[in-house]
Amino acid sequence: MNGAILTCTRCTKNNVFYKDQVYRCSIKQDESIEKEVDSSEYADKVLKRLIVTENPASELNGLKFATIADDTKEDNIPCFGNWLDYLIMI
């Protein structure tokens, strides 16, 4: 549903040190999310909201359904911080 709280299991908001470089996470978490979840459970994670754009006609209780088309980086799926596996690949 639109506004669902998401995170990535492979990302971290902590600084990542790799090959003598520091990758800092500049992503800020939505303050409204911190009021909805126990943030201590996700201390090193950035929590963001899903933004549904592809299926505006389908709703339940005023919320739009997500579809497989809602998969565009930054439009639907926000950045969640540093992804160590990605840094290792580059």
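Trainee: Is glutamate 36 buried or exposed?
Mentor: Glutamate 36 is exposed, because its relative accessible area is 51%. The cut-offs are under 20% for buried, over 50% for exposed and partly exposed in between, with a 1.4 Å probe and protein chains only. Keep in mind that this is a predicted model, where local features need pLDDT of at least 70, side-chain atom pairs count only at pLDDT 80 or more, and totals for chains, interfaces and linings use all residues. Residues are numbered from 1 along each chain as its sequence is written, and side-chain values use heavy atoms, leaving out hydrogens and water.

Trainee: Which side chain does glutamate 36 meet in a salt bridge?
Mentor: Arginine 49, at 2.3 Å from N to O. A salt bridge here is a side-chain nitrogen of Lys or Arg within 4 Å of a carboxyl oxygen of Asp or Glu.

Trainee: How many salt bridges does the structure hold?
Mentor: The structure holds 1.

Trainee: Switching to cysteines, how many disulfides turn up?
Mentor: The search of the whole structure finds 0, a disulfide being a pair of cysteine sulfur atoms within 2.5 Å. For cysteine 8, the nearest cysteine sulfur belongs to cysteine 11, 3.6 Å away.

Trainee: Why does cysteine 11 count as buried?
Mentor: Because its relative accessibility is 8%. Cysteine 8, at 22%, counts as partly exposed.

Trainee: What about lysine 64, where does that lie?
Mentor: Lysine 64 lies in strand β7, residues 63–64. Lysine 64 is 61 residues from glycine 3 in sequence, with 8.8 Å between their C-alpha atoms.

Trainee: Last one: where is confidence lowest and where is it highest?
Mentor: Lowest in helix α2 (residues 84–89), with a mean of 54, and highest in strand β1 (residues 5–6), at 85. That is pLDDT, the predictor's confidence in each residue, from 0 to 100. The protein chain averages 76, and 89% of the residues score at least 70.

Conventions:
Helix = DSSP H or I, 4+ residues; strand = E, 2+ residues; numbered from the N terminus.
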